[in-house]
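Me: I have a structure open and would like to learn how to read its features one by one. Could you walk me through it?

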Amino acid sequence: RVSLICRKRERFSLSAFVLLCISSWQISVKIEEEPHSTMKFKTLLLSISAAWLVSAEQHSTAPPPPPATQPFRGGAVKTRAPRRGGGTFPSLGQADSLAQFNADVTTVLKDLRGNKNDPTMKRMFHSRLRPTFAVTWTHKMWEQNSSRWRFVVQFVFWYQSALLKRVLPQLTALLGWTAMVLYFFETNKEWPLSNIKFPMTSLSLVSGFVASLLALRTNQGMSRLLEGRMAFGKVVLYTRDMASMVSNFIYDKDPQLALKLARHLATFSWLLKNFLRGTKASGGKDEDLIRTMLPTPADADYILRQRKMPVAVVMRLRQALAHCTHKHLLSTAEEIAIDHTISAMDLAIMTTERIIASPIPPLFTTHAGRLMCFYLLFLPLALYGSGSMNKVGLFLTVGIVGYAMLGLDELSHMMEQPFKVSPLFHLCKNSMNDVADAFCLRPPALDARGNAPYVPAVEPTYHSDEEGFE
């Protein structure tokens with residue numbers, strides 16, 4: 001009876017303790033083999049011990065609480081901030097509202113993801129002098145990029161170039177090989193290549209193949225970069241369109257369902273970013289963001305348990321569309337429009353996933369890399385054998401040619417995986433802003449008359465002046 005009572009309860013409580021004491025007292029009264037006082041004491045002590053053991057075992061096997069912090073590579077640890085305005089979770093009995101939705105979006109954009117630059121991207125891609133591809137541009141950035149002083153900035157601050165930092169190890173090895181070649185030739189020491197001549201005419205035959213392969217691979221990398229950037233840019237368009245349709249078609253008929261969909265749409269771009277870059281590069285699964293925007297435990301746990309979290313949001317949208325269809329909340333044209341946008345979001349996931357899963361053929365990349373290494377390896381020997389320049393000129397020529405070839409090869413590798421250099425962080429913030437604007441800044445009624453000013457549904461507190469286009 002003691003074990004049965006303890007197993008029925010998840011934790012040892014005061015009511016279980018009282019129930020065990022009463023049952024042990026009744027058992028002791030019916031036993032007459034020993035004196036009543038001694039048996040009462042032994043039975044009571046045995047019951048308490050058994051209950052304590054069962055309770056201790058259940059406490060030891062209980063799952064640990066989830067971590068309260070979310071680490072980010074390249075930035076400080078982000079802690080889930082408290083909700084603004086002192087609101088409570090809608091799952092605890094209070095209905096969701098636009099004010100709470102505005103507060104949660106503000107928490108994400110100002111606290112959890114309030115960084116100016118992407119904290120998961122390397123610092124070399126965040127230049128203070130010139131705008132980079134890793135951010136969404138503004139009018140000021142375009143003026144700075146087209147300025148006539150750009151050549152001065154490019155030359156003077158060349159040592160801060162992200163590309164130079166990427167190719168510096170390879171370039172250092174090439175210049176070290178050049179110094180070794182000059183040392184052996186100048187000291188007339190015997191080494192395997194001292195009796196072999198490498199004319200520039202023969203080496204120039206290889207240079208044409210190397211240049212064409214590098215140019216072709218760079219073009220392929222650029223096409224992948226533009227395709228990936230366009231695919232993720234469409235995510236901003238699709239989430240904005242879906243939020244607009246939910247706000248106009250569903251919110252007036254079922255506000256709670258509309259706000260639930262708005263919260264899922266606001267997290268869609270962040271989930272896709274995490275899926276494309278991987279949890280290692282993104283610093284985790286964005287659990288702090290998910291649990292802030294999806295306060296209902298069932299919604300958050302459903303997303304976190306999925307293998308492809310963006311697909312889970314699409315499934316949720318289709319479930320809501322089916323619910324609205326069964327309840328006759330939408331017209332046929334509205335259902336078709338929403339279904340078309342959901343399919344477009346699913347297509348964006350498939351397009352970006354295909355880019356990640358299918359790189360440029362490694363055989364082509366390897367062949368181009370081997371020919372480039374062969375050319376750069378014998379370039380110092382050929383230049384020294386030609387006798388057309390001194391040591392300083394030879395070093396400069398090898399360094400410039402090596403920087404050009406190694407830079408093109410590195411650029412093609414960087415652009416081959418476009419989602420590591422694209423401004424996904426800023427696009428996600430823009431997408432969340434657009435979704436929130438569709439609900440907080442709803443348009444006025446069409447039959448509005450008089451000179452009454454426009455009053456938003458909720459005054460947005462999440463806007464920032466440092467956001468780019470799109």
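Me: Where is His 328 placed?

Reply: Helices here are DSSP runs (H or I, at least four residues; strands are E, at least two), numbered from the N terminus. His 328 sits in the loop between H12 and H13. Its phi is positive, about 60°, although His 328 is not a glycine. Before we go on: this is a predicted model, with local features needing pLDDT of at least 70 and side-chain atom pairs counting only at pLDDT 80 or more, while totals for chains, interfaces and linings use all residues. Residues are numbered from 1 along each chain as its sequence is written, and side-chain values use heavy atoms, leaving out hydrogens and water.

Me: Is His 328 buried or exposed?

Reply: Buried means under 20% relative accessible area, exposed over 50%, and partly exposed in between (1.4 Å probe, protein chains only). His 328 has 69% relative accessibility, so it counts as exposed.

Me: How many residues of H16 are buried?

Reply: H16 is mostly covered, with 16 of its 17 residues buried. To check a helix's length, take 1.5 Å times one less than its number of residues as the expected span. For H16 that should be 24 Å, and its end C-alpha atoms are 24 Å apart, which agrees.

Me: What does that check give for helix H8?

Reply: The 50 residues of helix H8 (residues 200-249) should span 74 Å, and the end C-alpha atoms are 72 Å apart, which agrees. A bend at a residue is the angle between axes fitted to the seven residues ending there and the seven starting there. H8 bends by about 25° at Val 206.

Me: Which residues touch the most other members of the largest nonpolar core?

Reply: In soluble globular proteins, nonpolar side chains tend to be buried together. A nonpolar core is a set of buried Ala, Val, Leu, Ile, Met, Phe, Trp, Tyr and Cys residues joined through side-chain atoms within 4.5 Å. The largest one has 65 residues, of which Phe 101, Ile 250 and Phe 439 touch the most other members. H9 gives the most to this core, with 12 residues. A second, separate core of 24 residues includes Trp 177, Leu 182, Leu 394 and Met 405.

Me: How many salt bridges does the structure hold?

Reply: A salt bridge is a side-chain nitrogen of Lys or Arg within 4 Å of a carboxyl oxygen of Asp or Glu. The structure holds 16 of them. In one, Arg 263 pairs with Asp 104, the closest N and O atoms being 2.7 Å apart. Arg 263 lies in helix H9 and Asp 104 in helix H4, so the pair ties together parts 159 residues apart in sequence. Both Arg 263 and Asp 104 are buried. Asp 96, Asp 104 and Arg 263 are linked in a network of salt bridges.

Me: Which residue forms a salt bridge with Lys 260?

Reply: That is Asp 299, with the closest N and O atoms 2.7 Å apart. Asp 299 also forms a salt bridge with Arg 316, where the closest N and O atoms are 2.4 Å apart.
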